[in-house]
Amino acid sequence: MNKPLIGAFFAALLLGAGITPAVAAESAQAQESATETATETAPAVKAVTFAGTVALSNCSGSVVRSPDSQPTDPALVLSNGHCLETGFPGPGEVLVDRPSTRTFTLLNASGTGVGTLKASKIAYGTMTDTDLSLYELASTYEQIETSYGIKALELETAHPVAGTAITVASGYWKRTYSCDIDGFVHQLKEGRWTWKDSVRYTPECQTIGGTSGSPVIDDATGKVVAVNNTGNESGQECTDNNPCEVDENGEVTVREGINYAQQTYSMVPCIGAGNKIDLDREGCGLPKP
């Protein structure tokens with residue numbers, strides 16, 4: 001998977017220098033080399049910016065809201081399950097309402113860190129069927145907007161469409177990647193984990209380590225349609241950092257150099273009143289513990 005950057009100490013140095021990541025990387029040197037060659041995003045229809053994105057100690061993320069979230073609700077931060085400070089959840093493992101004091105650097109439109117947000121808990125986290133985490137913050141949307149002038153990104157409620165122009169916005173690296181949704185994968189297998197109905201990018205989105213957890217934004221609407229999480233690095237089949245595609249008939253396809261994300265529309269019905277995660281709500285598509 002687009003691995004979180006190794007080493008909290010190294011990550012802290014990066015953040016102190018104003019650099020932001022997303023998917024974990026092998027080493028500092030490898031990351032620097034990769035960022036120098038990564039594709040810059042082209043101007044988007046809605047002028048996608050870094051406003052509302054965050055940098056974690058090892059990954060990227062974003063402050064998000066459902067269409068029904070209220071200004072006085074505690075804000076939510078979206079990232080990957082493999083970016084959790086508790087380590088990679090095992091297959092079948094689901095975390096709900098775990099205490100957390102994790103901090104996030106909030107970015108403005110130009111990618112400048114404007115403040116620090118603090119979690120009160122891991123509201124949800126898993127690497128089963130999908131690869132996502134939701135943190136509940138100690139601040140409300142209203143408090144964040146009043147203090148920093150930044151609004152949360154809204155989550156799309158509908159399944160994305162192939163051919164949609166998208167931007168992957170990495171708060172860790174302060175870098176964006178532009179491409180289209182190439183299609184969807186019945187099952188994406190990587191090591192011990194299996195993800196369902198994953199988003200496959202066209203080749204232009206060459207995301208790197210540290211971009212894990214970045215929001216995937218629909219250029220036309222500005223809404224979050226997925227969360228960036230992995231890519232096939234060396235052409236291996238179904239191994240760590242080399243996911244493979246499995247279709248409905250069990251046929252395996254390997255696409256070296258292609259990157260992927262996990263859709264987020266099915267998580268929206270799970271967000272109830274007060275932004276509380278309720279896995280029993282009608283339409284909720286997240287795995288239960």
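The following questions and answers concern a predicted model.

Me: Which residues touch the most other members of the largest nonpolar core?
Reply: The largest nonpolar core has 42 residues. Elements that each supply at least two residues to this core include β2 (60–65), β3 (74–79) and β5 (103–107). Those that touch the most other members are V63, L78 and F104.

Me: Which element gives the largest share of this core?
Reply: Among the elements that each supply at least two residues are β4 (94–99), β6 (113–126), β7 (132–140), α3 (141–148) and β13 (224–231). The largest share is five residues, and the element it comes from is β6.

Me: Is T164 buried or exposed?
Reply: T164 is found in the loop between β8 (153–154) and β9 (165–170). Buried means under 20% relative accessible area. T164 has 18% relative accessibility, so T164 counts as buried.

Me: Which backbone oxygen does the side chain of T164 reach?
Reply: Leaving aside neighbours within four places in sequence, T164 is in contact with C179, D180, I181 and D218. The side chain of T164 also reaches a backbone oxygen at 2.7 Å. That oxygen belongs to V161.

Me: What pattern do the disulfides of the protein follow?
Reply: A search of the whole structure finds four disulfides. Among them are C59 with C83, C238 with C244, and C270 with C284. With bonded cysteines counted along the chain, the pattern is 1-2, 3-4, 5-6, 7-8.

Me: Why is the disulfide of C59 and C83 left-handed?
Reply: The sulfur atoms of C59 and C83 are 2.1 Å apart, and both cysteines are buried. The disulfide is left-handed because the torsion about its S-S bond is about -85 degrees.

Me: How many residues apart in sequence are the parts that C59 and C83 tie together?
Reply: C59 lies in the loop between β1 (53–55) and β2. C83 lies in the loop between β3 and β4, so the pair ties together parts whose separation in sequence is 24 residues.

Me: Is the disulfide of C238 and C244 left-handed or right-handed?
Reply: The S to S distance between C238 and C244 is 1.9 Å. C244 is buried, with a relative accessible area of 0%. The torsion about the S-S bond is about 95 degrees, so the disulfide of C238 and C244 is right-handed.

Me: Is C284 buried or exposed?
Reply: C284 is joined by a disulfide to C270, S to S 2.0 Å, and this link is right-handed, with 95 degrees about the S-S bond. Both cysteines are in the segment after β16 (259–263), 14 residues apart. C270 has a relative accessible area of 0% and is buried. At 17% relative accessibility, C284 also counts as buried.

Me: What separates the C-alpha atoms of N241 and G191?
Reply: N241 is placed in the loop between β13 and β14 (244–246). With 14% relative accessibility, N241 counts as buried. N241 and G191 are 50 residues apart along the chain, and their C-alpha atoms are separated by 8.0 Å.

Me: Which residues are the closest to the centre of the second largest pocket?
Reply: The second largest pocket has a volume of about 190 Å³. The elements that give two or more residues to its lining are β11 (193–201) and β16. Of the 13 lining residues, the closest to the centre are D129, T130, K196, Q263 and S266.

Me: What is the phi of D129?
Reply: D129 lies in the loop between β6 and β7. D129 is partly exposed, with a relative accessible area of 29%. Most residues other than glycine have a negative phi. D129 is not a glycine, yet its phi is positive, about 70 degrees.

Me: What is the phi of K174?
Reply: K174 lies in the loop between β9 and β10 (175–190). At 31% relative accessibility, K174 counts as partly exposed. K174 is a residue other than glycine with a positive phi, near 55 degrees.

Definitions and conventions:
Residues are numbered from 1 along each chain as its sequence is written. This is a predicted model: local features need pLDDT of at least 70, side-chain atom pairs count only at pLDDT 80 or more; totals for chains, interfaces and linings use all residues. Side-chain values use heavy atoms; hydrogens and water are left out. A nonpolar core is a set of buried Ala, Val, Leu, Ile, Met, Phe, Trp, Tyr and Cys residues joined through side-chain atoms within 4.5 Å. Buried means under 20% relative accessible area, exposed over 50%, partly exposed in between (1.4 Å probe, protein chains only). Helices (H or I, at least four residues) and strands (E, at least two) are DSSP runs, numbered from the N terminus. A polar contact is a pair of N or O atoms within 3.5 Å; within protein, one must be able to donate a hydrogen and the other to accept it, and residues adjacent in sequence count only if both atoms are side-chain atoms. Contact means heavy atoms within 4.5 Å. A disulfide is a pair of cysteine sulfur atoms within 2.5 Å. On a 1 Å grid over the protein atoms alone, a cavity is a set of points where a 1.4 Å probe fits but cannot get out, and a pocket is an open set with protein on both sides within 12 Å along at least five of seven lines; lining residues have an atom within 4 Å of a point. Grid points are joined across faces, edges and corners, and a volume is the space filled by probe spheres set on the points.
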